[in-house]
Amino acid sequence: MGLLDDKIVLVNGGSQGVGAAIARAAVREGATVAVTGRRPEPGEALVAELAAAGGTARYVRADLADAGQAKAAVAEVIGAYGRIDCLVNSAGLTSRGTLLDTTPELFDQHIAINLKGPFFAMQAAVADMVARKAPGTVVNIITSSAHGGQPFLAPYVAAKAGLIGLTRNAAHAHRWDRVRINGLNIGWTATEGEDATQRAFHGAQDGWLDEAAARVPMGRLGRPDEIADLVVLLLSERSGVVTGSVIDWDQNVLGGLD
């Protein structure tokens, strides 16, 4: 459909999982895409895949836990293409911690990756949009757990709940600049990162995904490509004037009780 024709899109945390699916969908819809990640191998492999399919993409090595690197990644995209039109913050840390056992170091890691990195990436991207007096869009990948979440996700929930507040605050601040900023509270999703998390923290074995699917209403976990389609819509003009919205993308209903 060409929803993102001629757009310059940066996907932070775009080398794998949900971020990689968003990059693929954006290229499919006509965008030039840059993806960030800490490890060059998956980032460069994704860029090669997108180029082989006829897309234009680049990999930017960056650790989003470092605010300076988050800003530098945006600057590299602007330097390469002259502007940035769309930003997706998809990088995230999901390591476990409860209120009682979370260390200050673990808490700081969650804040750095799940909140501070998106803040300063948005700062740099929106500054470019405002300076050019051009419209732009931002989508933050958040989590349905930000509404309260599981006891073992205390620092993750704290940081992601902050990202919800930031999304709404920034959307309000820049609506007159025609910069639209929205978020997705995604639920349980089948990714390679989730597989690693289940095995590392919950002792999951082969076949855990089928067992998990049997425990959720729709009989399966969410898929990254489904999330990517909605993200592309929110980045595009087809989402109209919507800004400051944080959409619950989940099969469980907030406030619903059995």
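Colleague: Where is the place of Arg 178?

Modeller: Arg 178 lies in the loop between helix H5 (154-173) and strand E6 (179-186). Keep in mind that this is a predicted model.

Colleague: What is phi of Arg 178 near?

Modeller: Phi of Arg 178 is near 65°. That is a positive value in a residue other than glycine. Most residues other than glycine have a negative phi.

Colleague: And Lys 133, what is its phi?

Modeller: Lys 133 has a phi of about 55°. That is positive as well, although Lys 133 is not a glycine.

Colleague: Where does Lys 133 sit?

Modeller: Look at the loop between helix H4 (104-132) and E5. Lys 133 is there.

Colleague: Is Lys 133 buried or exposed?

Modeller: Exposed. Its relative accessibility is 70%, and anything over 50% counts as exposed.

Colleague: Let's zoom out. How many helices and strands does the protein have?

Modeller: Eight helices and seven strands.

Colleague: What radius of gyration does the protein have?

Modeller: The protein has 18 Å. A compact globule with 258 residues would have a radius of gyration near 18 Å, so the value agrees.

Colleague: And what box do the C-alpha atoms fill?

Modeller: Along the principal axes, the C-alpha atoms fill a box of roughly 50 × 40 × 35 Å.

Colleague: What share of the residues count as buried?

Modeller: Of the 258 residues, 49% count as buried. The protein exposes about 12300 Å². Carbon and sulfur atoms supply 54% of that area.

Colleague: Which contacts join residues at least 24 apart?

Modeller: Take the contacts between residues at least 6 apart in sequence. Of these, 72% join residues at least 24 apart.

Colleague: What about charges, how many positive and negative?

Modeller: There are 23 positive and 28 negative charges. Their mean positions are 7 Å apart.

Colleague: Now the strands. Which residues of strand E4 are buried?

Modeller: E4 covers residues 86-89. Cys 86 and Val 88 are buried on one side. Leu 87 and Asn 89 are buried on the other. So both faces of E4 are covered, with buried meaning under 20% relative accessible area.

Colleague: In which sense do E1 and E4 pair?

Modeller: Parallel, over four bridges. E1 is the strand of residues 8-12. Val 9 stands opposite Cys 86 in E4.

Colleague: And E4 with E5? In which sense do they pair?

Modeller: E4 and E5 (residues 136-141) pair in the parallel sense, over four bridges. There, Cys 86 has Thr 137 as its bridge partner in E5.

Colleague: Val 9 again. Which residue, Ala 31 say, touches what?

Modeller: Ala 31 touches Leu 4, Lys 7, Val 9, Ala 26 and Thr 56, not counting residues up to four places away in sequence. Ala 31 is in the loop between helix H1 (17-28) and strand E2 (32-37).

Colleague: How far is Ala 31 from Ala 57 in space?

Modeller: They are 8.8 Å apart, C-alpha to C-alpha. In sequence, Ala 31 and Ala 57 are 26 residues apart.

Colleague: Jump to Leu 233. Which helix is it found in?

Modeller: Helix H8, residues 224-235. Leu 233 counts as partly exposed, at 34% relative accessibility.

Colleague: What does Leu 233 touch?

Modeller: Leu 233 touches Arg 238 and Ser 239, leaving out residues up to four places away in sequence. Val 253 is 20 residues from Leu 233 in sequence, and the two C-alpha atoms are 22 Å apart.

Colleague: Last stop, H7. Where is Asp 210 found?

Modeller: Asp 210 is in helix H7, residues 208-213. Asp 210 is exposed, with a relative accessible area of 61%. Its C-alpha atom is separated from that of Lys 116 by 35 Å. Along the chain, those residues are 94 apart.

Colleague: And Gln 205, where is it found?

Modeller: Gln 205 is in the loop between helix H6 (192-202) and H7. Gln 205 counts as exposed, at 57% relative accessibility. From Gln 205 to Leu 99, C-alpha to C-alpha, is 27 Å. The pair is 106 residues apart in sequence.

Conventions:
Residues numbered from 1 in each chain as written. Predicted model: local features only at pLDDT ≥ 70, side-chain atom pairs only at ≥ 80, totals over all residues. Heavy atoms only, no water. Helix = DSSP H or I, 4+ residues; strand = E, 2+ residues; numbered from the N terminus. Rg over C-alpha atoms; globule rule 2.2 N^0.38 Å. Buried < 20%, exposed > 50% of the residue type's maximum accessible area, 1.4 Å probe, protein only. Contact = heavy atoms within 4.5 Å. Areas by Shrake-Rupley, 256 points an atom, 1.4 Å probe, with all protein chains shown as cover. Lys, Arg positive; Asp, Glu negative; His and termini not counted. Charge placed at Lys NZ, Arg CZ, Asp CG, Glu CD. Pairing = 2+ DSSP bridges.
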